[in-house]
Amino acid sequence: MMMVQLDDLDREILRLLKEDARLTISEIAERLKRPESTIHFRIKKLQERNIIDKYTIILGEKLRPQTLAMVYIQAETPIIEEFLERYIQYLMKTLSMLPNVLAVARSGKDGVVAILGGENSEHIERFVNETIRVLPTLKRVEVFPIDSFAKGDGLAGFLVGV
């Protein structure tokens with residue numbers, strides 16, 4: 001992560017918007033006891049500097065999966081090593097299209113990490129066994145159930161599709 005210089009006011013604006021992106025400029029100005037013009041100017045500059053990319057929502061409990069797990073998938077290295085990159089891209093694309101997969105990321109030269117969501121641990125286990133473990137030429141599939149978050153509790157509400 002590249003270090004970006006932010007002053008205290010920019011940080012406070014970002015903190016408030018992260019808590020509730022629906023806040024109006026006048027509400028932010030009132031909470032921070034600053035003129036609306038200052039807040040408007042600062043938000044515009046944060047957008048121009050690509051510090052604020054977009055505004056979004058986090059879905060509530062009713063639409064979030066009840067159970068989450070991280071899955072590490074390691075691909076077998078093919079005889080022709082140049083095929084590994086294509087296969088990893090295939091794996092990532094395939095996983096990205098599956099309904100229970102909330103996020104997919106590359107991990108090393110032969111690995112993929114995914115966050116899965118489901119109704120319960122049995123649902124996730126069945127999904128992994130019937131959908132992921134059957135993919136060809138996998139060396140390893142490890143499932144790590146997520147019991148609770150110390151930070152990032154709203155992650156599932158942010159990632160889940162509707």
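In what order do the elements of the protein run from the N terminus on?

1. The elements run α-α-α-β-α-β-β-α-β-α, a total of six helices and four strands. Helices (H or I, at least four residues) and strands (E, at least two) are DSSP runs, numbered from the N terminus.

2. This is a predicted model, in which local features need pLDDT of at least 70 and side-chain atom pairs count only at pLDDT 80 or more, while totals for chains, interfaces and linings use all residues. Residues are numbered from 1 along each chain as its sequence is written, and side-chain values use heavy atoms, with hydrogens and water left out.

3. A search of the whole structure finds nine salt bridges, a salt bridge being a side-chain nitrogen of Lys or Arg within 4 Å of a carboxyl oxygen of Asp or Glu. One network of salt bridges links Asp7, Asp10 and Arg42.

4. Within helix α1 (residues 8-19), Glu12 and Arg15 lie three residues apart, about one turn of the helix. Their side chains form a salt bridge (2.7 Å, N to O). Glu12 is partly exposed at 31% relative accessible area, as is Arg15 at 37%; partly exposed lies between buried (under 20% relative accessible area) and exposed (over 50%), with a 1.4 Å probe and protein chains only.

5. Arg106 forms a salt bridge with Glu85, with the closest N and O atoms 3.0 Å apart. Arg106 belongs to strand β2 (residues 101-107) and Glu85 to helix α4 (residues 82-96), so the pair ties together parts that are 21 residues apart in sequence. Arg106 is partly exposed at 33% relative accessibility, and Glu85 is partly exposed at 40%.
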